[in-house]
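Here's a quick walk through the model, one part at a time. Keep the 3D view open as you read.

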Amino acid sequence: MKRQNQSSVVEFILLGFSNFPELQGQLFGIFLIIYLLTLIGNVVIIVVICLEQSLHVPMYLFLQNLSVVDVSISAVIMPEMLVVLSNEKTLISFVSCFAQMYFILFFGGTECFLLGAMAYDRFAAICSPLSYPMIMNKRVFMKLVTGSWTLGFMLGTVQTTWVSSFPFCGPSEINHISCETPAVLELACADTFLFEIYAFTGTILIIMVPFMLIILSYIRILFAILKMPSTTGRQKAFSTCASHLTSVTLFYGTASMTYLQPKSGYSPEAKKLMSLSYSLLTPLLNPLIYSLRNSELKRALIKLWRRKVDLHTF
(Lines give C-alpha, C1' and ligand atoms only; values in the text may rest on other atoms or scores of the structure.)
Protein backbone atom coordinates (compact mmCIF):
# COMPACT_ATOMS: atom_id res chain seq x y z
CA MET A 1 0.00 0.00 0.00
CA LYS A 2 2.95 2.31 0.42
CA ARG A 3 3.44 2.25 -3.36
CA GLN A 4 0.14 3.91 -4.10
CA ASN A 5 1.95 6.87 -5.71
CA GLN A 6 3.04 4.55 -8.55
CA SER A 7 -0.58 4.26 -9.68
CA SER A 8 -2.55 6.83 -11.59
CA VAL A 9 -5.75 5.29 -10.20
CA VAL A 10 -6.67 6.78 -6.82
CA GLU A 11 -10.13 5.22 -6.61
CA PHE A 12 -12.05 2.35 -8.14
CA ILE A 13 -15.64 1.93 -9.27
CA LEU A 14 -17.51 -1.13 -8.00
CA LEU A 15 -20.06 -2.11 -10.64
CA GLY A 16 -21.89 -4.75 -8.62
CA PHE A 17 -25.03 -5.81 -10.51
CA SER A 18 -25.28 -2.63 -12.62
CA ASN A 19 -25.95 -4.79 -15.70
CA PHE A 20 -29.39 -5.45 -14.21
CA PRO A 21 -30.64 -1.99 -13.15
CA GLU A 22 -34.24 -3.19 -13.02
CA LEU A 23 -33.29 -5.67 -10.26
CA GLN A 24 -31.27 -3.26 -8.11
CA GLY A 25 -34.12 -2.45 -5.73
CA GLN A 26 -35.17 -6.07 -5.28
CA LEU A 27 -31.58 -7.22 -4.75
CA PHE A 28 -31.07 -4.47 -2.16
CA GLY A 29 -34.04 -5.73 -0.15
CA ILE A 30 -32.97 -9.39 -0.42
CA PHE A 31 -29.37 -8.73 0.59
CA LEU A 32 -30.41 -6.44 3.45
CA ILE A 33 -32.58 -9.24 4.86
CA ILE A 34 -29.72 -11.75 4.38
CA TYR A 35 -27.33 -9.42 6.19
CA LEU A 36 -29.67 -8.87 9.14
CA LEU A 37 -30.43 -12.61 9.46
CA THR A 38 -26.70 -13.39 9.28
CA LEU A 39 -25.93 -10.93 12.06
CA ILE A 40 -28.79 -12.13 14.27
CA GLY A 41 -28.08 -15.85 13.78
CA ASN A 42 -24.34 -15.64 14.42
CA VAL A 43 -24.61 -13.17 17.31
CA VAL A 44 -27.16 -15.46 19.00
CA ILE A 45 -24.72 -18.40 18.73
CA ILE A 46 -21.83 -16.29 20.07
CA VAL A 47 -23.89 -15.05 23.04
CA VAL A 48 -25.46 -18.45 23.88
CA ILE A 49 -22.09 -20.21 23.90
CA CYS A 50 -20.55 -17.38 25.91
CA LEU A 51 -23.28 -17.43 28.59
CA GLU A 52 -23.92 -21.18 28.85
CA GLN A 53 -21.16 -22.80 30.88
CA SER A 54 -22.02 -26.32 29.69
CA LEU A 55 -21.09 -25.31 26.13
CA HIS A 56 -17.55 -24.26 27.06
CA VAL A 57 -16.05 -27.29 25.34
CA PRO A 58 -13.88 -27.33 22.17
CA MET A 59 -16.70 -28.27 19.78
CA TYR A 60 -18.81 -25.23 20.69
CA LEU A 61 -15.88 -22.88 21.22
CA PHE A 62 -14.76 -23.67 17.66
CA LEU A 63 -18.31 -22.90 16.53
CA GLN A 64 -18.21 -19.61 18.43
CA ASN A 65 -15.00 -18.63 16.62
CA LEU A 66 -16.60 -19.61 13.31
CA SER A 67 -19.56 -17.33 14.06
CA VAL A 68 -17.19 -14.44 14.86
CA VAL A 69 -15.50 -14.96 11.48
CA ASP A 70 -18.87 -15.14 9.68
CA VAL A 71 -20.12 -11.92 11.29
CA SER A 72 -16.83 -10.21 10.41
CA ILE A 73 -16.71 -11.23 6.74
CA SER A 74 -20.36 -10.23 6.30
CA ALA A 75 -19.63 -6.82 7.85
CA VAL A 76 -16.70 -6.37 5.45
CA ILE A 77 -18.72 -7.12 2.30
CA MET A 78 -22.42 -6.46 2.88
CA PRO A 79 -22.57 -2.74 3.81
CA GLU A 80 -20.47 -1.78 0.78
CA MET A 81 -22.55 -4.02 -1.47
CA LEU A 82 -25.78 -2.43 -0.22
CA VAL A 83 -24.32 0.98 -1.09
CA VAL A 84 -23.44 -0.31 -4.57
CA LEU A 85 -26.98 -1.61 -5.07
CA SER A 86 -28.48 1.69 -4.01
CA ASN A 87 -26.25 3.73 -6.35
CA GLU A 88 -25.66 1.30 -9.25
CA LYS A 89 -22.00 2.37 -9.33
CA THR A 90 -19.98 3.17 -6.23
CA LEU A 91 -16.62 4.87 -5.86
CA ILE A 92 -14.22 3.25 -3.43
CA SER A 93 -10.80 4.70 -2.65
CA PHE A 94 -7.58 2.83 -3.38
CA VAL A 95 -6.85 2.34 0.32
CA SER A 96 -10.44 1.30 1.18
CA CYS A 97 -10.48 -1.22 -1.65
CA PHE A 98 -7.30 -2.91 -0.48
CA ALA A 99 -8.44 -2.77 3.13
CA GLN A 100 -11.56 -4.68 2.09
CA MET A 101 -9.41 -7.15 0.13
CA TYR A 102 -7.22 -7.68 3.18
CA PHE A 103 -10.13 -8.46 5.51
CA ILE A 104 -11.82 -10.76 2.97
CA LEU A 105 -8.57 -12.76 2.74
CA PHE A 106 -7.97 -12.59 6.49
CA PHE A 107 -11.40 -13.85 7.53
CA GLY A 108 -11.76 -16.21 4.56
CA GLY A 109 -8.40 -17.83 5.31
CA THR A 110 -9.21 -18.06 9.01
CA GLU A 111 -12.49 -19.84 8.19
CA CYS A 112 -10.61 -22.37 6.02
CA PHE A 113 -8.31 -23.30 8.89
CA LEU A 114 -11.08 -23.24 11.52
CA LEU A 115 -13.18 -25.70 9.51
CA GLY A 116 -10.12 -27.94 9.30
CA ALA A 117 -9.57 -27.69 13.06
CA MET A 118 -13.25 -28.51 13.67
CA ALA A 119 -12.90 -31.65 11.52
CA TYR A 120 -9.89 -32.73 13.57
CA ASP A 121 -11.87 -32.13 16.76
CA ARG A 122 -14.73 -34.36 15.54
CA PHE A 123 -12.21 -36.97 14.35
CA ALA A 124 -10.60 -37.10 17.80
CA ALA A 125 -13.96 -37.15 19.63
CA ILE A 126 -15.49 -39.98 17.57
CA CYS A 127 -12.47 -42.12 16.69
CA SER A 128 -10.71 -41.84 20.07
CA PRO A 129 -13.44 -41.00 22.62
CA LEU A 130 -11.51 -42.28 25.65
CA SER A 131 -8.39 -40.29 24.77
CA TYR A 132 -10.31 -37.20 23.57
CA PRO A 133 -9.85 -35.10 26.77
CA MET A 134 -6.08 -35.54 26.44
CA ILE A 135 -5.94 -35.11 22.65
CA MET A 136 -8.11 -31.96 22.62
CA ASN A 137 -7.03 -30.35 25.88
CA LYS A 138 -7.14 -26.60 26.47
CA ARG A 139 -3.59 -26.09 25.26
CA VAL A 140 -4.18 -27.93 21.95
CA PHE A 141 -7.48 -26.08 21.45
CA MET A 142 -5.81 -22.70 21.96
CA LYS A 143 -3.02 -23.62 19.54
CA LEU A 144 -5.53 -24.59 16.83
CA VAL A 145 -7.63 -21.45 17.27
CA THR A 146 -4.63 -19.10 17.51
CA GLY A 147 -2.99 -20.83 14.54
CA SER A 148 -6.13 -20.42 12.42
CA TRP A 149 -6.35 -16.69 13.12
CA THR A 150 -2.58 -16.20 12.67
CA LEU A 151 -2.50 -18.00 9.31
CA GLY A 152 -5.49 -15.97 8.14
CA PHE A 153 -3.67 -12.78 9.17
CA MET A 154 -0.53 -13.83 7.29
CA LEU A 155 -2.52 -14.70 4.17
CA GLY A 156 -4.26 -11.32 4.14
CA THR A 157 -1.06 -9.39 4.82
CA VAL A 158 1.16 -11.08 2.21
CA GLN A 159 -1.36 -11.23 -0.61
CA THR A 160 -2.81 -7.73 -0.14
CA THR A 161 0.63 -6.13 0.14
CA TRP A 162 1.75 -7.83 -3.06
CA VAL A 163 -1.34 -6.95 -5.11
CA SER A 164 -1.34 -3.33 -3.89
CA SER A 165 2.26 -2.95 -5.09
CA PHE A 166 1.20 -3.36 -8.74
CA PRO A 167 0.63 -0.17 -10.75
CA PHE A 168 -3.01 0.59 -11.61
CA CYS A 169 -3.22 3.04 -14.49
CA GLY A 170 -6.77 2.37 -15.68
CA PRO A 171 -9.42 1.29 -16.35
CA SER A 172 -10.74 1.66 -12.81
CA GLU A 173 -14.03 -0.27 -13.01
CA ILE A 174 -14.13 -3.46 -10.92
CA ASN A 175 -16.82 -5.68 -12.40
CA HIS A 176 -17.55 -7.40 -9.11
CA ILE A 177 -19.45 -6.99 -5.83
CA SER A 178 -16.31 -6.35 -3.76
CA CYS A 179 -12.56 -5.84 -4.01
CA GLU A 180 -11.69 -9.53 -4.20
CA THR A 181 -8.20 -10.36 -5.44
CA PRO A 182 -9.05 -11.91 -8.86
CA ALA A 183 -11.31 -8.98 -9.83
CA VAL A 184 -8.81 -6.29 -8.79
CA LEU A 185 -5.86 -8.12 -10.36
CA GLU A 186 -7.49 -7.85 -13.79
CA LEU A 187 -6.93 -4.05 -13.64
CA ALA A 188 -3.19 -4.18 -12.88
CA CYS A 189 -0.94 -2.56 -15.50
CA ALA A 190 1.89 -5.04 -15.04
CA ASP A 191 2.85 -8.64 -15.60
CA THR A 192 1.10 -10.56 -12.80
CA PHE A 193 2.20 -14.05 -13.89
CA LEU A 194 4.51 -14.61 -10.89
CA PHE A 195 1.80 -13.53 -8.47
CA GLU A 196 -0.75 -15.78 -10.17
CA ILE A 197 1.58 -18.76 -9.74
CA TYR A 198 1.99 -17.87 -6.06
CA ALA A 199 -1.76 -17.32 -5.63
CA PHE A 200 -2.64 -20.62 -7.32
CA THR A 201 -0.10 -22.54 -5.23
CA GLY A 202 -1.23 -20.77 -2.06
CA THR A 203 -4.88 -21.51 -2.81
CA ILE A 204 -4.10 -25.20 -3.30
CA LEU A 205 -2.37 -25.25 0.10
CA ILE A 206 -4.97 -23.15 1.91
CA ILE A 207 -8.18 -24.55 0.38
CA MET A 208 -7.60 -27.92 -1.25
CA VAL A 209 -5.14 -29.46 1.24
CA PRO A 210 -7.35 -28.79 4.31
CA PHE A 211 -10.39 -29.90 2.30
CA MET A 212 -8.77 -33.23 1.39
CA LEU A 213 -7.67 -33.75 5.01
CA ILE A 214 -11.24 -33.06 6.14
CA ILE A 215 -12.61 -35.59 3.64
CA LEU A 216 -10.09 -38.22 4.81
CA SER A 217 -11.01 -37.49 8.43
CA TYR A 218 -14.67 -37.99 7.66
CA ILE A 219 -14.01 -41.28 5.92
CA ARG A 220 -12.36 -42.49 9.14
CA ILE A 221 -15.20 -40.99 11.17
CA LEU A 222 -17.79 -42.76 9.02
CA PHE A 223 -16.19 -46.17 9.64
CA ALA A 224 -15.98 -45.40 13.38
CA ILE A 225 -19.67 -44.39 13.51
CA LEU A 226 -20.78 -47.55 11.71
CA LYS A 227 -18.99 -49.64 14.36
CA MET A 228 -20.86 -47.96 17.24
CA PRO A 229 -23.17 -50.41 19.05
CA SER A 230 -25.66 -47.74 20.13
CA THR A 231 -28.22 -46.47 17.60
CA THR A 232 -28.61 -43.23 19.58
CA GLY A 233 -24.86 -42.69 19.56
CA ARG A 234 -24.70 -43.25 15.81
CA GLN A 235 -27.53 -40.79 15.21
CA LYS A 236 -25.93 -38.10 17.39
CA ALA A 237 -22.53 -38.55 15.71
CA PHE A 238 -24.08 -38.47 12.24
CA SER A 239 -26.03 -35.31 13.12
CA THR A 240 -22.98 -33.46 14.42
CA CYS A 241 -20.78 -34.48 11.49
CA ALA A 242 -23.45 -33.80 8.86
CA SER A 243 -23.72 -30.20 10.09
CA HIS A 244 -19.98 -29.61 9.78
CA LEU A 245 -19.68 -31.46 6.47
CA THR A 246 -22.52 -29.40 4.94
CA SER A 247 -20.79 -26.19 5.98
CA VAL A 248 -17.42 -27.44 4.69
CA THR A 249 -18.80 -28.49 1.28
CA LEU A 250 -20.59 -25.18 0.75
CA PHE A 251 -17.62 -23.02 1.77
CA TYR A 252 -14.75 -24.94 0.18
CA GLY A 253 -16.67 -25.76 -2.99
CA THR A 254 -17.57 -22.18 -3.88
CA ALA A 255 -14.27 -20.70 -2.60
CA SER A 256 -12.22 -23.09 -4.74
CA MET A 257 -14.29 -22.25 -7.82
CA THR A 258 -13.62 -18.56 -7.18
CA TYR A 259 -9.87 -18.70 -6.53
CA LEU A 260 -8.83 -21.69 -8.65
CA GLN A 261 -10.66 -20.74 -11.84
CA PRO A 262 -8.81 -19.60 -15.00
CA LYS A 263 -9.27 -15.96 -15.99
CA SER A 264 -11.73 -16.83 -18.72
CA GLY A 265 -13.34 -19.69 -16.82
CA TYR A 266 -16.65 -18.07 -15.94
CA SER A 267 -18.63 -14.98 -16.89
CA PRO A 268 -18.40 -11.94 -14.56
CA GLU A 269 -21.97 -12.58 -13.36
CA ALA A 270 -21.18 -16.23 -12.55
CA LYS A 271 -18.11 -15.10 -10.58
CA LYS A 272 -20.28 -12.70 -8.56
CA LEU A 273 -22.75 -15.45 -7.72
CA MET A 274 -19.96 -17.82 -6.62
CA SER A 275 -18.49 -15.07 -4.46
CA LEU A 276 -21.89 -14.52 -2.88
CA SER A 277 -22.16 -18.22 -2.12
CA TYR A 278 -19.08 -18.52 0.09
CA SER A 279 -18.93 -14.98 1.47
CA LEU A 280 -22.63 -14.39 2.19
CA LEU A 281 -24.60 -17.63 1.92
CA THR A 282 -22.26 -19.64 4.15
CA PRO A 283 -22.35 -17.11 7.04
CA LEU A 284 -26.15 -17.08 6.74
CA LEU A 285 -26.56 -20.87 6.67
CA ASN A 286 -23.97 -21.80 9.31
CA PRO A 287 -26.16 -20.77 12.29
CA LEU A 288 -29.14 -22.62 10.78
CA ILE A 289 -27.07 -25.72 9.97
CA TYR A 290 -25.56 -25.96 13.44
CA SER A 291 -28.50 -24.81 15.59
CA LEU A 292 -31.26 -26.78 13.86
CA ARG A 293 -29.29 -30.03 13.97
CA ASN A 294 -27.81 -29.59 17.44
CA SER A 295 -30.02 -30.48 20.40
CA GLU A 296 -27.57 -29.19 23.05
CA LEU A 297 -27.40 -25.77 21.42
CA LYS A 298 -31.19 -25.62 21.12
CA ARG A 299 -31.62 -26.62 24.77
CA ALA A 300 -29.13 -23.94 25.86
CA LEU A 301 -30.98 -21.32 23.81
CA ILE A 302 -34.34 -22.32 25.30
CA LYS A 303 -32.82 -22.33 28.80
CA LEU A 304 -31.44 -18.82 28.40
CA TRP A 305 -34.72 -17.60 26.90
CA ARG A 306 -36.73 -19.01 29.83
CA ARG A 307 -34.27 -17.45 32.28
CA LYS A 308 -34.79 -14.08 30.60
CA VAL A 309 -38.58 -14.48 30.66
CA ASP A 310 -38.49 -15.42 34.37
CA LEU A 311 -36.41 -12.33 35.17
CA HIS A 312 -38.89 -10.09 33.39
CA THR A 313 -41.81 -11.85 35.09
CA PHE A 314 -40.45 -11.30 38.57
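An unreviewed UniProt entry lists residues 27–51, 63–85, 91–120, 140–158 and 197–225 under "transmembrane region". Those positions follow the numbering used here, feature names are shortened, and such annotations may be inferred rather than shown by experiment. This is a predicted model, where local features need pLDDT of at least 70 and side-chain atom pairs count only at pLDDT 80 or more, while totals for chains, interfaces and linings use all residues. Residues are numbered from 1 along each chain as its sequence is written, and side-chain values use heavy atoms, with hydrogens and water left out.

Take two of the listed spans. Residues 63–85 are 100% helix and 0% strand, with the end C-alpha atoms 32 Å apart. Residues 91–120 come out at 90% helix and 10% strand, and there the end C-alpha atoms are 43 Å apart. Helices (H or I, at least four residues) and strands (E, at least two) are DSSP runs, numbered from the N terminus.

## A three-stranded sheet

Three strands make an open sheet with mixed pairing, in the order β2-β1-β3. β2 (90–93) and β3 (173–174) sit at the edges with a single partner strand each, so one side of each has no neighbour in the sheet. Two strands count as paired if DSSP finds at least two bridges between them. β1 and β2 are antiparallel and share four bridges, with Ile13 opposite Leu91 in β2. β1 (residues 11–14) and β3 run parallel, joined by two bridges, and Leu14 faces Ile174 in β3.

Helix α2 (residues 58–87) touches β1 and β2, and its direction makes about 140 degrees with that of β2. Helix α3 (residues 94–127) touches β1, β2 and β3, at about 85 degrees to the direction of β2. For these angles, axes are lines fitted to C-alpha atoms, for helices over the stretch in contact, and values run from 0 to 180 degrees between N-to-C directions.

## The disulfides

The structure holds two disulfides (cysteine sulfur atoms within 2.5 Å). In one of them, Cys97 and Cys179 have their sulfur atoms 2.1 Å apart. The torsion about that S-S bond is about -120 degrees, so the disulfide is left-handed. Cys97 lies in helix α3 and Cys179 in the loop between β3 and α6 (181–185), so the pair ties together parts 82 residues apart in sequence.

Notes
Contact means heavy atoms within 4.5 Å.
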